[in-house]
Amino acid sequence: MSRFRQRLRKLLGSERGAASVEFVIVFPFFVGVFLSAFDVAMMNLRAVMMERATDQVVRAIRLSSGATLNYDTVKQDICAQSFMIPDCEDSLMIELIAVNTTSWNGLQHRPACVARGNPIQPLVKFKNGQQNEMMLIRVCAVVDPFFPGIGVGRSMPKDPTGGYQVIATSAFVNEPV
C-alpha cells in the first residue's frame, strides 16, 4: 500500500503533460472560432456576389430601356454572374414590383424565398412596370452553411431544411422608350 501512495504522490507532483491539458482545453475553442469565421466569410462573400450580380442585371435592364422582362431570363443572368450560390437555378427567387411613389409601399413583407423540400413554391410577383415607374427587384437565395452545427452556423436563423437566406435588393426606374 505504501508503494501505491508513493507512486500516486510522484504522479500528482509530476508536471509532464501539463501543456497537453491546456491544449485539450483551448484547442476546441480556437477551432470553433476559425470555422465560425470561415462560415461568416463565405456568407458575406455569397451576399456580396449576389448583390453584384443583381446590380449588373439591373444595369442591363436599365440600358435596354423598355424591353419586356422575362423571369427565367433575369434568373439565368443573375445565376450566371453569382457563381458563389450553389444550385443557383433551383435556389433563387426574384420579385419585381412597382413602387407607389405617393405612399412608398415597396417592401411591406418578407422576401419570397424558395421553400426547399416543399413541392409548392410561394407566389412571386414579377410584373413589368410602365414608363417612368420606379421598380424594386428583390432576389432571395437559400443556401446551406458550411458548418451548420458550429458557432455562427448553429445560431443563424434557418429554414426547416437547414438553409439560410441571402437577399439582394435594388431599385431602378423604367426609362421611356
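Buried here means under 20% relative accessible area, exposed over 50%, and partly exposed in between, with a 1.4 Å probe and protein chains only. With that cut-off, cysteine 79 counts as buried at 12% relative accessibility.

## About the model

This is a predicted model, in which local features need pLDDT of at least 70 and side-chain atom pairs count only at pLDDT 80 or more, while totals for chains, interfaces and linings use all residues. Residues are numbered from 1 along each chain as its sequence is written, and side-chain values use heavy atoms, leaving out hydrogens and water.

## Overall layout

Five helices and three strands make up the secondary structure of the chain; helices (H or I, at least four residues) and strands (E, at least two) are DSSP runs numbered from the N terminus. Along the sequence they follow the pattern α-α-α-α-β-β-α-β.

Of the 177 residues, 32% count as buried. The chain exposes about 11,700 Å², with carbon and sulfur atoms supplying 58% of it; these areas come from the Shrake-Rupley method with a 1.4 Å probe, and for residues only the protein chains shown count as cover. Taking contact as heavy atoms within 4.5 Å, 74% of the contacts between residues at least 6 apart in sequence join residues at least 24 apart.

## Two disulfides

The structure holds two disulfides, each a pair of cysteine sulfur atoms within 2.5 Å. With bonded cysteines counted along the chain, the pattern is 1-2, 3-4.

In one, the sulfur atoms of cysteine 79 and cysteine 88 are 2.1 Å apart. The torsion about this S-S bond is about -80 degrees, so the disulfide is left-handed. Cysteine 88, at 8% relative accessibility, counts as buried.

The other joins cysteine 113 to cysteine 140, S to S 1.5 Å. Its S-S torsion is about 85 degrees, so this disulfide is right-handed. Cysteine 113 lies in the loop between strand S1 (92-98) and strand S2 (134-143), and cysteine 140 in strand S2, so the pair ties together parts that are 27 residues apart in sequence. Both cysteine 113 and cysteine 140 are buried.

## The nonpolar core

A nonpolar core is a set of buried Ala, Val, Leu, Ile, Met, Phe, Trp, Tyr and Cys residues joined through side-chain atoms within 4.5 Å. The largest one has 26 residues, of which Met50, Val74, Ile78, Leu92, Ile94 and Val139 touch the most other members. Helix H2 (18-64), helix H3 (71-81), S1, S2 and strand S3 (164-173) each supply at least two residues, and the largest share, six residues, comes from H2.

Leaving aside neighbours within four places in sequence, methionine 50 is in contact with residues including Leu92, Val139, Cys140 and Val166.
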